[in-house]
Amino acid sequence: MSEPLAVVDNVSYQYPHAERFALTDLSLTVGRGEFVGLIGPTGAGKTTLCLAFNGIVPQFYGGRFFGYVRVAGLDTLESPVSALARHVGQVLQDPEIQLIATSVENEVAFALENIGLPRAQMRERIAWALDAVRLSGTESRHPSELSGGQKQRLAIAAGLAMRPNLLVLDEPTAQLDPVGAQEVFATVHELNRELGIAILLASHAAEELAEYADRLVLLAEGRIVTQGTTDEVYSQVDLLRQHHLRPPQVATTFYLIGGGRPDGRIPVRLDDGLRAFERLNGNLCPQPPDLPPPVSHPDPPLLSVKDLHHTYPDGTQALKGVSLDIHPGEYVLIAGQNGAGKSTLIRHFLHLLEPTAGVVRVGGEDASARPTSALARRVGYVAQNPDSQLFSRTVGEEVAFALHHLGYAEDEVERRVVENLDALGLLPERERHPFALPKGDRARVVIAAILALEPEAVIFDEPTTGQDYQGAHHILEISRRLHQMGKTIVVITHHLYLMPGYAERVIVMGRGTILLDAPIRQAFHDLETLGATYLTPPQAVILAQALARHAPGSGADAYPLLTPEEVAACVVGGEG
Amino acid sequence: MSTEPTGIEREVRPLSRVSIDGAPVTYIVVLAAVAAALAFVPFSTLLAFGGSFPISQGVFPLIGWLLGPVGGALASGVGRFAGAFLAPLTGGPIPLISAWSAAVGGFAAGAMAPREGRRWWWVPLTGLFLALWLALVARAVLVNGVALGIVLMYTLVNWSSILLFALPTRTLFVRWIEGDNLGLLSLGLFLGTWTIAGLSHLAASSPYYFIYNLPAEVMIPLFPIIPMENAFRGLIGAVIGAGVITGLRAIGLVKPTQATY
């Protein structure tokens with residue numbers, strides 16, 4: 001390892017009022033110029049560790065702190081946060097909450113002004129930092145005008161202007177679409193390689209970390225479980241699964257096949273995986289797998305839009321003549337880049353938006369003529385950020401809130417509250433404050449509150465954002481259960497790799513139009529359409545297409561496989 | 001409880017040591033901004049002087065409990081002063097007096113808890129409020145010739161608050177606010193806000209009386225209105241305060257050293 005830059009020495013930390021330690025006896029070193037990925041399930045202590053590098057933990061939160069964290073020789077308990085900020089840049093998960101200025105230039109200048117840097121040097125640093133994150137030319141724009149990826153790059157620039165030795169990023173891509181995430185990873189990689197800035201990046205983005213990080217640290221319950229190169233850590237598929245983490249799909253595929261690389265190791269990057277397939281030539285199953293046909297739903301549509309247009313007051317044309325029918329009992333995935341019109345479309349089903357032109361129908365009725373409260377009984381809407389839907393003092397009151405307002409009798413309210421909290425495993429938390437629960441559980445509180453209304457359809461808007469793999473699947477399992485109960489499910493997500501096994505039909509949107517409406521196996525293999533709206537197909541799809549290319553006499557769509565399990569099942573024998 | 005760690009336990013100090021009387025400056029700034037923002041929300045018509053007073057009057061006591069006496073006085077006073085200029089409709093006839101009464105409210109609320117070394121702070125404060133009240137009564141009765149009964153009814157909110165502040169009810173409300181029982185917490189916030197808002201009202205109404213010398217004819221219609229307004233302040237304090245305090249306890253943010261919750 002290179003010369004140590006940041007040293008975490010036997011650190012334990014307990015938040016005020018917390019029963020358990022968030023970090024326990026943790027020791028870690030980050031070398032100069034190193035790119036370290038931090039992985040672990042929700043609640044592992046990743047955010048706490050990130051905040052310990054610039055002293056926010058414990059200087060802001062208080063609590064009990066054991067051991068030492070030293071960055072560039074500074075003890076994080078002895079040095080004020082303002083002094084540590086010169087050495088450690090910090091980028092948080094949500095780009096919205098870390099931008100405060102009225103222009104891009106002022107945002108980058110803010111920290112520099114606070115350390116009293118002379119004006120000329122400040123200008124030089126601003127230009128340099130914006131150039132480094134490829135935001136030159138946006139100086140006078142308001143940060144709110146930037147895309148998600150640009151906002152996150154601006155947050156990086158604001159930290160970078162202090163010329164830190166270490167950049168700590170806590171889930172910087174969790175709220176971004178695939179394009180934004182790619183922009184952020186590419187920028188961070190460039191800063192690391194070209195400027196030698198050490199990176200500590202906490203993320204669930206396994207494929208990207210496998211691509212860019214030098215080393216991975218796996219954290220669970222506040223302790224380091226293992227650390228090593230990305231090859232070493234991501235090839236330990238059993239260990240990762242044990243900690244509810246998702247390895248890159250290519251690693252899972254070759255783990256199931258048994259080996260893959262000449263040295264017998266499992267490939268963890270896509271290019272390694274594709275090369276390994278070359279070597280597997282001849283071991284492929286001779287026939288494309290027998291896959292179930294798409295499910296048909298003959299009933300009249302529950303949710304329907306016809307030639308729907310929506311133009312926002314600022315002139316943005318969010319929807320341009322969208323027509324769509326969603327039938328009772330369907331499980332539909334709506335995908336597309338940020339700004340494709342997905343959220344605008346579904347908000348019409350609850351009359352949260354008025355169509356500029358066109359017709360929206362819910363259960364055959366014109367949605368524009370119905371109040372939101374009436375539509376909410378038929379269509380449940382789980383917003384992207386569960387926190388924006390929580391306002392009561394206890395979990396139980398949260399679930400009962402709408403029921404009381406809709407005039408249900410007290411015993412019926414009680415029955416529905418108990419039933420839905422129990423169904424979502426939240427009954428023991430009934431008297432707790434919603435914000436005292438982890439984010440995944442807060443999302444479940446919102447779902448419980450919506451299910452209490454017994455809607456016919458439930459719309460999940462980016463339900464897996466900010467969730468770890470287990471949390472994401474937990475929510476999707478709830479959606480599956482609801483689907484099995486006969487409810488219509490609509491999920492909006494960028495995380496395509498999560499959806500096989502759940503969604504039956506995929507609607508791909510781009511620039512306010514529907515680009516593709518097809519069964520999931522067909523949609524995920526339409527790489528051209530996915531690419532047009534900047535969606536990244538799961539690695540298993542790319543591997544399946546490679547498989548098809550190697551299979552004698554078959555076309556590229558002969559193997560419409562979606563998961564590592566399906567791909568591995570098509571490889572006979574393997575090399576392991 | 002997890003097992004004790006093996007490392008050396010370190011002394012944890014508040015953020016960058018930038019705190020006033022144990023309240024981080026960031027908290028003071030944020031709550032001052034909240035007080036200023038709430039100045040935009042008119043609450044009720046100010047019958048005697050015209051205009052209206054802001055909903056923020058219901059949260060000055062809460063700010064005192066959240067930050068302690070010094071932080072509470074600063075945040076409430078600065079917030080009210082800024083609010084008086086940002087939202088003149090609720091600024092009151094003299095913004096400085098509005099700011100002073102808000103600061104007094106924040107301070108008195110923060111001083112309710114019998115903290116180490118501050119056990120007797122309520123005594124000079126009670127003296128101050130008593131002096132303000134006596135000055136108003138003396139001016140009304142002896143100079144302006146208003147009947148004592150009318151003045152007592154007019155100042156019911158003020159003298160009842162002085163009594164609640166001077167008696168052990170002061171520490172009783174603190175115990176309720178610091179306790180886990182949500183019902184008692186809300187009651188403590190309601191009665192505590194009644195007390196502090198009444199004292200804060202006195203801090204403004206006494207100097208105003210010396211300027212405006214309201215006659216008995218103006219005082220009489222206000223008999224039911226002033227207590228009703230104070231009860232609404234109590235209600236605002238209870239509703240907002242219960243949510244804020246349970247939320248703060250839940251998220252475990254660093255608690256200012258002189259806070260009462």
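Me: Contact means heavy atoms within 4.5 Å. Which helices do the buried residues of H11(A) pack against?

Reply: This is a predicted model: local features need pLDDT of at least 70, side-chain atom pairs count only at pLDDT 80 or more, and totals for chains, interfaces and linings use all residues. Residues are numbered from 1 along each chain as its sequence is written, chains are lettered from A and ligands numbered from 1 in the order in which they are written, and side-chain values use heavy atoms, without hydrogens or water. Helices (H or I, at least four residues) and strands (E, at least two) are DSSP runs numbered from the N terminus. The buried residues of H11(A) pack against helices H8 (206-212), H9 (230-234), H10 (237-242), H12 (270-279), H21 (539-550) and H22 (564-569) of chain A.

Me: How many residues of H11(A) are buried?

Reply: Buried means under 20% relative accessible area (1.4 Å probe, protein chains only). Among the buried residues are Val250(A), Phe254(A) and Ile257(A). H11(A) spans residues 249-257 and is mostly covered, the buried count being seven of nine.

Me: Which residue takes a positive phi just after H11(A)?

Reply: H11(A) runs over residues 249-257. Just after this helix, a positive phi of about 100° belongs to Gly258(A).

Me: Which strands are at the edges of the six-stranded sheet of chain A?

Reply: Strands pair if DSSP finds at least two bridges between them. The sheet is open and mixed, in the order E6-E7-E8-E3-E9-E10. Strands that pair on one side only are E6 (88-91) and E10 (223-229) of chain A.

Me: Which residue in E9(A) stands opposite Leu38(A)?

Reply: Strands E3 (35-39) and E9 (215-220) of chain A run parallel and are joined by four bridges. Opposite Leu38(A) stands Val217(A).

Me: At what angle to E8(A) does H7(A) run?

Reply: Axes are lines fitted to C-alpha atoms, for helices over the stretch in contact, and angles run from 0 to 180 degrees between N-to-C directions. H7 (178-195) of chain A lies across E3, E7 (166-170) and E8 (198-202), and its angle to E8(A) is about 150°.

Me: What area is buried between chain A and chain B?

Reply: Buried area is the accessible area (1.4 Å probe) that two parts lose on being put together, summed over both. The contact takes 30 residues from chain A and 29 from chain B. Carbon and sulfur atoms give 55% of the area, which is about 2,600 Å².

Me: Which residue of chain B forms a salt bridge with Arg64(A)?

Reply: A salt bridge is a side-chain nitrogen of Lys or Arg within 4 Å of a carboxyl oxygen of Asp or Glu. Four of these are counted between chain A and chain B. With its closest N and O atoms 3.0 Å apart, the partner of Arg64(A) is Glu9(B).

Note on methods: Buried < 20%, exposed > 50% of the residue type's maximum accessible area, 1.4 Å probe, protein only.
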